[in-house]
Amino acid sequence: MNIHEYQAKDILRKHGVAVQRGIVADTPDKAVAAARDLQNETGTKWFVVKSQIHAGGRGKGTVKETGSRGVVLAKSFDEVNEKSKAILGGTLVTHQTGAAGKKVNKVLIAEDVYYPGESQPKELYMSILLDRSKGKPVIMASTEGGMNIEEVAAATPEKIVKEWVEPSIGLQPFQARKVAFALGLEGNAFKEMVKFIHALYNAYMAIDASMFEINPVLKTSDNKILAVDGKVNLDDNALFRHKDLEELRDITEEDPLEVEAGKSGLNYVKLDGNVGCMVNGAGLAMATMDIIKLSGGEPANFLDVGGGANAETVEAGFRIILKDPNVKAILINIFGGIVRCDRVASGVVEAYKKVGNIPVPIIVRLQGTNAEEGARIIRESGLKVFSAILLKDAAAKISEVLA
């Protein structure tokens, strides 16, 4: 589950991570009030107006309607008002949102931390995520903060430092020092970075995060270490242990069909193709999408109804898939192990009748327990549903209906 920057920073702050202070607002007037409160609290004279969407690259992104950047500097309260108006309610397009962009409903008014001092501020990069190949969390850091880390990895991979943490013993002091040394820090900045790394790792473990990314981590001109940005992804499978974090979900940032599918207990991911697919099992779903492509089509979605496919789940799946106007056919691919194929076939027929007029052909491939009985039920239903037992038969039928 993704959360907004302001929510991520609240979590980090609660776990002792030093962050750039800010106040969230959803109207220009509230943005100005936030700036006044922030000035009283921190003494800052300038402010950063930061759009809050679930996407990176906001600073280089553009608001379609006004041409404003997604992250801008305001040097007065009047500018906070003006620049908030140019962002709020607009559609921000970044390299991660695609051309459609995302609507900005909130802005974060943050303190200016790039103030002058004895030394120049320095932008660094840091993330923590699970390295599945090693089964361990890995801390990744770089001196090239504020940039697209994928570009750094491709052009200068030697500038990315990696430190793996043994989960059974946790982050050791020498490891935090090793990362701080690799970032070229010394003196008070070095000590602050060591504390920052420990607090960040503890927060990562405490909330069952799947990823932390801080880009940039700022070394200020007076050698403080601050998280200026914050991207936190939470592990959906662990949210039952964190009901308070589950409440941070912003469904306006998610695909409406994926939200609807979740309410029906379905695992759904929208894709850009023309053949909808409904399966029971993630592995079978991947194979089904391959079959669709080999047949000349493109998968329109990933939809796993789980082990208990019945009339209710099939009906919900139909309704969700048919809301995609690009769908020209639907392939239902069920392996009858936990559930019998004849029960699935009956469920398909019942669901078809409940949904009503389905304007696209449906191919049902059943294999496993009572597969032949299931095929017979499909054939005798009198509906626009085609039965297949072998994958090659299903593939041939897809090619036929798309021709």
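## Glu5 and its partners

Arg58 and Glu5 form a salt bridge, with their closest N and O atoms 2.9 Å apart. A salt bridge here is a side-chain nitrogen of Lys or Arg within 4 Å of a carboxyl oxygen of Asp or Glu. The pair links distant parts of the chain: Arg58 lies in the loop between β2 and β3 (62-63), Glu5 in helix α1, 53 residues apart. Helices (H or I, at least four residues) and strands (E, at least two) are DSSP runs, numbered from the N terminus.

This is a predicted model: local features need pLDDT of at least 70, side-chain atom pairs count only at pLDDT 80 or more, and totals for chains, interfaces and linings use all residues. Residues are numbered from 1 along each chain as its sequence is written, and side-chain values use heavy atoms, leaving out hydrogens and water.

Glu5 also forms a salt bridge with Lys50, at 2.8 Å between the closest N and O atoms. Lys50 sits in strand β2 (residues 47-51), and Glu5 in helix α1 (residues 5-14), 45 residues apart. Glu5 is buried at 4% relative accessible area (buried is under 20%, exposed over 50%, partly exposed in between; 1.4 Å probe, protein chains only). Lys50 is buried at 6%, and Arg58 at 8%.

## Other salt bridges

The count comes to 25 salt bridges. One of them joins Lys293 and Glu298 at 2.9 Å, N to O. Lys293 is partly exposed at 45%; Glu298 is partly exposed at 39%. Salt bridges with shared partners join Glu5, Lys9, Lys50, Arg58 and Asp229 into one network.

## Cysteines

The whole structure has zero disulfides (paired cysteine sulfur atoms within 2.5 Å). The sulfur of Cys341 is 18 Å from the closest cysteine sulfur, in Cys277, so the two are too far apart for a bond. Cys277 is buried at 0% relative accessibility. Cys341 is buried, with a relative accessible area of 0%.
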